Amino acid sequence: AEYIGNAGSLFDPSYQGKMEFGAAIHELLAKVSWIEETDFDDAIRTWKERSPAEDEFKQQVVDKFRLAIAADDIRQALSSPRKNVELWREQGFEIVLGDKWVTGIFDRVEIVRDPDGKPIQATVVDFKSDEIPPDVELAGCVQRHRPQMSIYAKALSQMLGLGLPQIRIRMVFTQPGKVADLSAF
């Protein structure tokens, strides 16, 4: 993740709390293969047992997680496709893009392959735990994250040997339960 802003705010307890909350939601979402195949109660129980967080914090995370996976847009975005799709979850990468070394972690990548196993299309799914008030346009939040998503698309394009038109970006905003699909360029 990339941070742009006042470095002092990184030490603000409210910022730290948001980061911890976002990391916890990501941990739970990483347990979702396809929405129809995931035992959510088991995923939650396992996460709670392993998390060192306070019980009240855990319950807040679980409540927000359950709201997110109940949202129609998110359920649809994480549903099993009918195509031959390979799923990556929490996949790290290191790659050179232009003259820069880039390191990152894809939250989720769905790779469509032809009958011979060659990638023909891919979707980067990135989970965003931003708390977006109802009166704020989702488009503005999408634009704020577009530079990061562009880097992810370029990295995946290079890794799979696909052109950017074959890469899609899906941003899953867990707090309002909304999904934004955009092209990679």
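How many salt bridges does a search of the whole structure find? The search finds eight, where a salt bridge is a side-chain nitrogen of Lys or Arg within 4 Å of a carboxyl oxygen of Asp or Glu. The model is predicted, so local features need pLDDT of at least 70 and side-chain atom pairs count only at pLDDT 80 or more, while totals for chains, interfaces and linings use all residues. Residues are numbered from 1 along each chain as its sequence is written, and side-chain values use heavy atoms, with hydrogens and water left out.

## Salt bridges

Side chains of opposite charge can pair when their charged atoms come close.

| Pair | Distance between N and O |
|---|---|
| Arg45 and Asp42 | 3.3 Å |
| Arg144 and Asp130 | 2.5 Å |
| Asp181 and Arg170 | 2.7 Å |

Arg45 and Asp42 both belong to helix α2 (residues 40-50), where three residues, about one turn of the helix, separate them. Helices (H or I, at least four residues) and strands (E, at least two) are DSSP runs, numbered from the N terminus. Arg45 is partly exposed at 43% relative accessibility, and Asp42 is partly exposed at 35%. In these terms, buried means under 20% relative accessible area, exposed over 50%, and partly exposed in between (1.4 Å probe, protein chains only).

The side chains of Arg144 and Asp130 also meet in a salt bridge. This pair links distant parts of the chain, 14 residues apart: Arg144 is in helix α5 (residues 138-160), and Asp130 is in the loop between β3 and α5. Arg144 is exposed, with a relative accessible area of 52%, whereas Asp130 is buried at 19%.

A further salt bridge joins Asp181 and Arg170. Asp181 lies in strand β5 and Arg170 in strand β4, so the pair ties together parts that are eleven residues apart in sequence. Asp181 counts as exposed at 54% relative accessibility, but Arg170 counts as buried at 18%. Through shared partners, salt bridges join Arg108, Glu110, Arg170 and Asp181 into one network.

## The sheet

Five strands form an open sheet in the order β1-β2-β3-β4-β5, with mixed pairing. Two strands pair if DSSP finds at least two bridges between them. β1 (85-97) and β5 stand at the edges with a single partner strand each, so one side of each has no neighbour in the sheet. β2 and β3 are paired in the antiparallel sense over six bridges. Glu110, a member of the network described above, stands opposite Thr123 in β3.

## The second largest pocket

The second largest pocket has a volume of about 390 Å³. On a 1 Å grid over the protein atoms alone, a pocket is an open set of points where a 1.4 Å probe fits, with protein on both sides within 12 Å along at least five of seven lines; lining residues have an atom within 4 Å of a point. A volume is the space filled by probe spheres set on the points, which are joined across faces, edges and corners.

Of the 16 lining residues, Gln76, Ala77, Pro81, Glu110 and Arg170 are the closest to the pocket's centre. At least two lining residues come from each of α4 (72-77), β2 (100-113), β3 (119-128), β4 (167-173) and β5 (178-183). The largest share, three residues, is supplied by α4.
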